[in-house]
Amino acid sequence: MLKYIARRLIIMIPELIIISFIVFIIMEAAPGDFLDMYRLDPSVSQQFLEKMEKELGLDKPWIVQYGIWLKNVLKGDFGYSFYYRRPVSTLIWERVFATVILSVSSLAFEWLLGIIVGVFSALKKYSIWDKILTVVAFSGIALPGFFLAILLLYMAAKTGWFPIAGMVSVNHNQMTTWEKFKDIASHLVLPTIALGFGGFASLMRYMRGSLLDVLNEDYVEFARAKGMPERVVIYKHALRNAINPMITFLGFSISNVLGGAVIIENIFAWPGMGRLIYQALLQQDIYIVMASAVIGAIMLVIGNLVADVLLAAVDPRVRFE
């Protein structure tokens, strides 16, 4: 097991380098650069633009820029933000807490609820509850996340049940610890639903189909024929095997959270990495985009590794040797 994990982590290094190189090429292929906003200003002199190009390193060939960035990353330095004039690692560290809270809550929402509702739907096959949940699932799969977020914002503005923007209230610093927790939780509800509803709908349908397939297997019928209680047959034998395919999706779910947060965080004004990445793309602040791409790739690799380890833990047929 440890050798397998170590081998996967070593393989991750060239994967991250290749991904970062591709992202850098894409950013360089986009027309213009960070200084375009200054070039459009007639009051900005050519001498100032040349000074800024040299200061930011934009006067060098793109391959040289990438080599310098990669060398600094290996030393733990992700570069300097053109727009904020601050180290990229500092900017990300300031916002990572908000993104982690939103990511964990949305993953818990879609996985816990998706598996529970999927099992319930499979056990109530073709009942009225199954049909209602099927409609909800297909609606969640078809409905874009940004459109659901806008609908939730409209609902919150009309009813006043939830805050419509931000992570905390204006008087958050004057609250007690328990009040601060409730304040953040109330702001977290709508972004969590908007970010996790699509994943919940997909997982619910996958869980339902997987459990129905397993319930038709011979060993399940044999367990019933032996006189085992239905509860033991379902939750000890069938569910344990039906959940294996779900674990495979865990790695993709972890990596997709950051991509989805870019849109949802901007709609709800959530002060996380998603808003930072979106603003960096607009400003062509290349080193923030590069750092976010590396973080996303790390999340994908680590997520898949965690999924493989969990699959081996729950399925004795899987062996890494």
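Is threonine 192 buried or exposed? This predicted model gives a clear reply, and the views below take it from there.

**View 1. Threonine 192 in helix H8.** Threonine 192 is buried, because its relative accessible area of 8% falls under the 20% cut-off. Look for this residue in helix H8, which covers residues 177–215. A polar atom of the threonine 192 side chain lies 2.7 Å from the backbone oxygen of leucine 188. Beyond its neighbours within four places in sequence, threonine 192 is in contact with Leu102, Ser105, Ser106, Phe109 and Phe197.

**View 2. Histidine 187 in helix H8.** Here is another residue of helix H8, histidine 187. Histidine 187 is buried, with a relative accessible area of 5%. Its side chain reaches the backbone oxygen of aspartate 183 at 2.7 Å. Setting aside neighbours within four places in sequence, you can find histidine 187 in contact with Pro163, Ala165, Gly166, Met167, Val168, Ser169 and Trp270.

**View 3. The largest nonpolar core.** This core has 26 residues, and Trp69, Ile286, Tyr287 and Met290 touch the most other members. Helices H1, H3, H4, H5, H13 and H14 each give two or more residues to this core. The largest share, eight residues, comes from H14.

**View 4. Tryptophan 69 and its contacts.** Leaving out neighbours within four places in sequence, tryptophan 69 is in contact with Ser20, Asp77, Phe78, Tyr287, Met290 and Val294.

Key. Residues numbered from 1 in each chain as written. Predicted model: local features only at pLDDT ≥ 70, side-chain atom pairs only at ≥ 80, totals over all residues. Heavy atoms only, no water. Helix = DSSP H or I, 4+ residues; strand = E, 2+ residues; numbered from the N terminus. Buried < 20%, exposed > 50% of the residue type's maximum accessible area, 1.4 Å probe, protein only. Polar contact = N/O pair within 3.5 Å; in protein donor to acceptor, adjacent residues only side chain to side chain. Contact = heavy atoms within 4.5 Å. Core = buried A, V, L, I, M, F, W, Y, C linked by side-chain atoms within 4.5 Å.
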